[in-house]
Amino acid sequence: MGDRGRTIERIRDGKAKPSQQLADAVERMLKGNTEFVLIDEQKVVFEKALALARHLREGRHCVLLVQGGPGTGKSVVAVNLLARLLGLGLNARYVSKNAAPRAVYRAKLTGSLQKGEYDNLFCGSACFVGCPEGFYDALIVDESHRLMSKTIYDKEGENQVKEIIHASKLAVFFLDEDQRVTFDDIGSTAEIEKWSQFHEAELHRDRLPSQFRCSGSDGYLAWLDSTLGIRATANERLDPASYDFRVFDDPVDLHEAIRQANHANQARMVAGYCWNWASKYHPNAWDITIEPWGYRARWNLSKDGSVWIMKPGTVEEVGCIHTCQGLELETIGVIIGPDLAYRDSQVVTVPTARARTDQSLKGFKVGLKRDPQAIRLKADAIIRNTYRTLMSRGTKACWVFACDPELNGWLKEAAGAMTKP
């Protein structure tokens, strides 16, 4: 006869929790994986988040904002925190807008590239529209700088930061504002502060200050900021002993060097999104073509998707910002497209050189009519942040080729004339 929807209401309003068997399995996998070992400041942030999780209160919100640059271990802390909170019987999820980190960390944790029972522990940032208040004990948000206002898949979405705080008792945001790489990215300290205040949340802050990526070299990242014109630093020249940075005169040579460096499946090619995705509809078509060197390559997006960076053989393909952000390798090869150039003794951006199929600068032309100065500044920051992010994916080495000859020459000079061997 039915129960007039009471069963459905109980399911909808129930407090779902992972089974103890699942929680134990995740923790066992984590302990056997050296990639997820916590060190130094990572342990401090982990313990702080854990302490907050142990004092959750119904009807109250708590927010932990953790800031850190590339390679500080934000994702390592996030995955460890997920495992421990599950072990405590809490309803926790790892959240990221980009599918690539979710797929890769799940695969590294479980040892499988296939979808399975762990999938629901790794979810996108668009999952919390209409979610009951405080439904989740903890939401661990990696790459928080990539959060959006309007959710693409649900027109009722208002703001992903707001929705995540509303849906959780504890929201942990891992943030690097210099990695906002599209017009849609709204994640910032100010945005998290605003919605924390709106929800009357108890706001805590922490920082991961030490750089573990890029051979532990703060100097390289400071040099990148200076060289790309993101901010002035004292590192106008790169110490060759601090990091393996090379400039190639030929993209063919660069790609071959990456193949040779891929002995442990730890080297890949990436590029700025300045070439259309032709192979999406014509599998035999080349996406990236660079003359006069005769360079030909395809984007990684067609076949392997989010896990391309892990799959053997994908060294022949080229990744973009959307499929490598939040991930790392030992050696990264970067093709700097024509959207970044060197003119009149300074690095400049060329937004119109972006591919038509790239959505990062969607709305640029319309914005030029409304507020040209503001839209140019925003596009300029996105392009510079994109290359900063791409050029900080390598833990041991970054080798580059710039399509603009003047920029290639400037990079050689700024790096101390360290070119390909």
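Tyr-220 and Phe-245 are both buried, where buried means under 20% relative accessible area, exposed over 50%, and partly exposed in between, with a 1.4 Å probe and protein chains only. This is a predicted model, in which local features need pLDDT of at least 70 and side-chain atom pairs count only at pLDDT 80 or more, while totals for chains, interfaces and linings use all residues. Residues are numbered from 1 along each chain as its sequence is written, and side-chain values use heavy atoms, with hydrogens and water left out.

Back to the two rings. Tyr-220 and Phe-245 make a tilted aromatic pair, 6.1 Å centre to centre with 45 degrees between the planes. For pairing, rings of Phe, Tyr and Trp (its six-membered ring) need centres within 6.5 Å; planes under 30 degrees apart are stacked, over 60 edge-to-face, and the rest tilted. Tyr-220 is in helix H8 (residues 218-227) and Phe-245 in strand E7 (residues 244-247), so the pair ties together parts 25 residues apart in sequence. Helices (H or I, at least four residues) and strands (E, at least two) are DSSP runs, numbered from the N terminus. Tyr-220 and Phe-245 also belong to one aromatic cluster with Trp-223 and Tyr-243.

Next, the core. Which residues have the most contacts inside the largest nonpolar core? They are Tyr-220, Phe-245, Trp-299, Val-334, Tyr-387 and Met-391, in a core of 101 residues. Its largest share, eight residues, comes from helix H4 (residues 74-87). Such a core is a set of buried Ala, Val, Leu, Ile, Met, Phe, Trp, Tyr and Cys residues joined through side-chain atoms within 4.5 Å. Leaving aside neighbours within four places in sequence, Met-391 is in contact (heavy atoms within 4.5 Å) with Tyr-220, Leu-224, Leu-228, Phe-245, Val-334, Ile-336, Cys-398 and Val-400.

On to one ring with a charge. Arg-298 lies over the face of Trp-286, 4.0 Å from the ring centre; the criterion is NZ of Lys or CZ of Arg within 6 Å of the ring centre and within 35 degrees of the ring normal.

Finally, the backbone. The peptide bond from Glu-291 to Pro-292 is cis, with omega near 10 degrees, and Pro-292 sits in the loop between strands E9 (288-290) and E10 (295-297). Asp-40, not a glycine, has a positive phi of about 45 degrees. Asp-40 is in the loop between helices H2 (20-31) and H3 (41-53), and is exposed at 51% relative accessible area. Glu-200, also not a glycine, has a positive phi of about 55 degrees. Glu-200 is in the loop between helix H7 (189-198) and strand E6 (202-208), and is exposed at 55%.
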